[in-house]
Amino acid sequence: MIKLTAVLLAAQLFASQVAVYEPPLVYGDVTVTYYCACEKCCGKWAYNRPKDKNGNDIVYGASGDRLEPMNSASCDASVPFGTKFEIELDNGETLKVSCSDRGGAVSGAHIDVYVGSDKNAHKRALKYGKRKGVAYVLK
């Protein structure tokens, strides 16, 4: 009986120390677009922003967090700020972004990735265009 109790206690201790693998939550098929800090992309929100040392706009999302190029995204209002996604694009690329912003044209399964505020940002946003992908929620 003592051996059985010792084995059970050892098994419980081992089980409590083993990390349980949880697969990422599938958010689903998404459309991915790209935006910059310009008036064409942001409308009235493009004005009166502070500047960084290079003269580029410092951009804050609706969450209040500073947006980081290719790491911050605008998501549907149903997605809580801070939700992190890994997106597998149809061209084989993978993006990891955090929901930090909202957008008037962003609803449903649409994620709009922020590309920056430098002078070439709008050209990059247009070049990346519109893509399809599968999004997974990261924990």
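Strand E3 (residues 84-89) has a covered face made of Phe85, Ile87 and Leu89, while Lys84, Glu86 and Glu88 form an uncovered face. In a regular strand the side chains alternate between the two faces of the sheet. This is a predicted model, in which local features need pLDDT of at least 70 and side-chain atom pairs count only at pLDDT 80 or more, while totals for chains, interfaces and linings use all residues. Residues are numbered from 1 along each chain as its sequence is written, and side-chain values use heavy atoms, with hydrogens and water left out.

**The chain as a whole**

- The chain has three helices and six strands; both are DSSP runs, helices (H or I) of at least four residues and strands (E) of at least two, numbered from the N terminus.
- Read from the N terminus, the order of elements is α-β-α-β-β-β-β-α-β.
- Of the 139 residues, 35% count as buried; buried means under 20% relative accessible area, exposed means over 50%, and partly exposed lies in between (1.4 Å probe, protein chains only).
- The chain exposes about 9,100 Å², and carbon and sulfur atoms supply 57% of that area. Accessible areas come from the Shrake-Rupley method with a 1.4 Å probe, and for residues only the protein chains shown count as cover.
- Among contacts between residues at least 6 apart in sequence, 70% join residues at least 24 apart; a contact means heavy atoms within 4.5 Å.

**The barrel and strand E3**

- Six strands form a closed barrel in the order E1-E5-E2-E4-E3-E6, with mixed pairing; two strands pair if DSSP finds at least two bridges between them.
- From one strand to the next, the twist averages 45°. For such angles, axes are lines fitted to C-alpha atoms (for helices over the stretch in contact), and the angles run from 0 to 180 degrees between N-to-C directions.
- Strands of a sheet pair through backbone hydrogen bonds, either parallel or antiparallel.
- E3 and strand E4 (residues 94-101) run antiparallel and are joined by five bridges.
- Glu88 has Thr94 as its bridge partner in E4, and Lys84 has Ser98.
- Four residues lie between the strands in the hairpin of E3 and E4, where Gly92 takes a positive phi near 95°.
- E3 is also joined to strand E6 (residues 131-138), by six bridges, and these two strands run antiparallel.
- Leu89 stands opposite Gly133 in E6.

**Two residues of strand E1**

- Tyr35 lies in strand E1 (residues 25-35). Tyr35 counts as buried because its relative accessible area is 4%.
- The side chains of Tyr35 and Asp101 are joined by a polar contact of 2.8 Å. A polar contact is a pair of N or O atoms within 3.5 Å; within protein, one must be able to donate a hydrogen and the other to accept it, and residues adjacent in sequence count only if both atoms are side-chain atoms.
- Leaving aside neighbours within four places in sequence, Tyr35 is in contact with residues including Cys41, Cys42, Leu67, Ser74, Asp101 and Ala125.
- Tyr35 and Ser117 are 82 residues apart in sequence, and their C-alpha atoms are 9.4 Å apart in space.
- Thr33 is also found in strand E1, and Thr33 counts as buried because its relative accessibility is 17%.
- The side chain of Thr33 makes a polar contact of 2.6 Å with the side chain of His110.
- Leaving aside neighbours within four places in sequence, Thr33 is in contact with His110, Ile111, Asp112, Val113, Gly129 and Lys130.

**Cysteines**

- The whole structure has zero disulfides; a disulfide is a pair of cysteine sulfur atoms within 2.5 Å.
- Cys75 is buried at 2% relative accessibility, and Cys99 is buried at 1%.

- Asn48 lies in the loop between helix H2 (39-42) and strand E2 (72-74). Phi of Asn48 is near 60°, a positive value in a residue other than glycine.
- Asn48 counts as exposed, since its relative accessibility is 80%.
- Met70 is found in the loop between H2 and E2, and phi of Met70 is near 65°, a positive value in a residue other than glycine.
- Met70 is partly exposed, with a relative accessible area of 26%.
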